[in-house]
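Here's a quick tour of a two-chain model, meant to be read with the viewer open. We'll go from the chain contact to the core, then to a sheet and a helix pair.

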Amino acid sequence: MNRSLQKIRATFELELDVSFPFPSTGVIFLILFLIAIGSVLLEGCFIAIAIAPHPPGVIPLDFDYIVWAQQNADFNLLAGPLFNLILFIIIVIPMLSAFKVAGPIEVGLLKTLLTYPIRRRDLLVLKVVEMLILTVLPITIGVLMGVVLIQWVSIGLTSFVLLLSFWVMASTILSTSVFLSLVTQSMTKSAFGGIAIWVVLYLVAAVTYIPNVIRGALNPVNLVLSYFNDTPGAAFFGVPFRNPVVHDVWGAIIINLVIGIIMLLLSVRQFRRVEV
Amino acid sequence: MVTLTRFPKFLAVFGAITLLLSIISPIITVSYRPISYLEYGTYEGVLVNCYDAIDVRIKARNDNVISAYFLNSTNGLRAIEEGSLVNVSTLHQSLNRTLVFERWAIPHPGWYAILVTPSNNETIQSISIEFVQQIPNPRVLLAGGILIIVSVLWVFWGKRNAK
């Protein structure tokens, strides 16, 4: 195996053992997996229908809705749980980041970890990758398993775009939380600060009358959901937003991703300056 | 090589949980619909995505006599559009019962409609439709089995290489 790959692997295993001693990794993974699969099960997979006599040629008011609901059921069965789980990751990721990044600085464990021949940049990037995989992968596996194996619906390109937006949003939340952990160097401040920032941004995206791209940059999952359902997604005091178009969706995902990358680079820079 | 020894254990636990899910998931999936004030000549029910035979339990609260129909989704939508079941064909029907408690087979996975209506000229105050898909869920069972087999093979492979 390549020497650099061996080094990365050794660093990864060391960091994994220090940050998540056995069996915490598996337990966190399985809990998040079960939460994700439970959210799919509770979503249900049926549509209420009613048939009543009516004059010939008159189509019942809810007929179009029933056809739409059935056609979009496959997508919404994946989109619904993912949309609900955004609030969950807004709470979990800042807390995990505070515990794994601000925590070692606060209690002095980072000093021990840095006695190993590991570059600070590598250590931080590995921590970020671990936390991202540990939170988003079980949720992705859970919802996909719930949708494909339990509810027996098919997934396609739309599901891929939705999952991409979920991963991008989660990584941006994570890099923001890591940056906050490094700036505050306090578990309490970074955890509650990270949660507060993203809850405010979530609400801003949901209830304020702002362009779709900005709304999507704050919450790309919501915009992707609105785009594929061909609905405005939200309304501002009864006035619905314009239905998003494809440029809004990709623009929002790219802006969100760029914000995440910038925050990660700032975090690496900040981590080099941290005194242990 | 800590990660490599952890992984098969994790896979085994993951597989065991998946096996449990194959039994639990059909039970806890939302599959209940209460209906209130169903008038004679009208039908209410659900469009449900089925992958296998479906166990249905339909009962009125005051033991009213009811009829239940099982249609494919095309016929179900046609029935809604036309406002009656005159021009549609049903897959199964249970007529004039106080309790419908049956397993309905399906020709292929997809969407199906379950409809219920009063058999006599009366308004039924409350009916419940419960539908449970087959236990265990075969796909989840298979996935759990594969995970456990992979974890066992992984352990044997690791021991063989260690020798």
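How many bridges join S1(A) to strand S2 of chain B, and do they run parallel or antiparallel? Six bridges join S1(A) to S2(B) (residues 43-50), and the two strands run antiparallel. Strands here are DSSP runs (E, at least two residues), helices are runs of H or I with at least four, and both are numbered from the N terminus; strands pair if DSSP finds at least two bridges between them. Within this pairing, Ile51(A) sits opposite Tyr43(B).

A word on the source: this is a predicted model, where local features need pLDDT of at least 70, side-chain atom pairs count only at pLDDT 80 or more, and totals for chains, interfaces and linings use all residues. Residues are numbered from 1 along each chain as its sequence is written, with chains lettered from A and ligands numbered from 1 in the order in which they are written.

**Where the chains meet**

In total, 32 residues of chain A are in contact with 39 residues of chain B (contact: C-beta atoms, placed from the backbone, within 7 Å). S1(A) gives the largest share of chain A's side, six residues. That side divides as follows (Ala, Val, Leu, Ile, Met, Phe, Trp, Tyr, Cys and Pro count as nonpolar, Asp, Glu, Lys and Arg as charged, the others, Gly among them, as polar):

| Class, side of chain A | Residues |
|---|---|
| Nonpolar | 25 residues |
| Polar | five residues |
| Charged | two residues |

**The core**

The largest nonpolar core has 109 residues, and Val48(B), Ile114(B) and Leu115(B) have the most contacts inside it. Such a core is a set of buried Ala, Val, Leu, Ile, Met, Phe, Trp, Tyr and Cys residues joined through C-beta atoms within 7 Å, and buried means 20 or more other C-beta atoms within 10 Å of a residue's own. Leaving out residues up to four places away in sequence, Leu115(B) touches Ile51(A) and Tyr43(B), among others.

**A sheet and a helix pair**

Chain B has an open sheet of four strands, ordered S1-S8-S3-S6 with antiparallel pairing. Strands S1(B) and S6(B) are at the edges with a single partner strand each, so one side of each has no neighbour in the sheet. S3(B) is joined to S6(B) by six bridges, with Ile54(B) partnered to Trp104(B).

Over in chain A, helices H6 (120-150) and H7 (157-184) pack at about 145 degrees, axes 10 Å apart (axes are lines fitted to C-alpha atoms over the stretch in contact; angles run from 0 to 180 degrees between N-to-C directions). Their contact residues divide into nine nonpolar, four polar and no charged.

Methods:
A residue is buried if 20 or more other C-beta atoms lie within 10 Å of its own, exposed if 12 or fewer, and partly exposed in between; C-beta atoms are placed from the backbone. Two residues are in contact if their C-beta atoms, placed from the backbone, lie within 7 Å.
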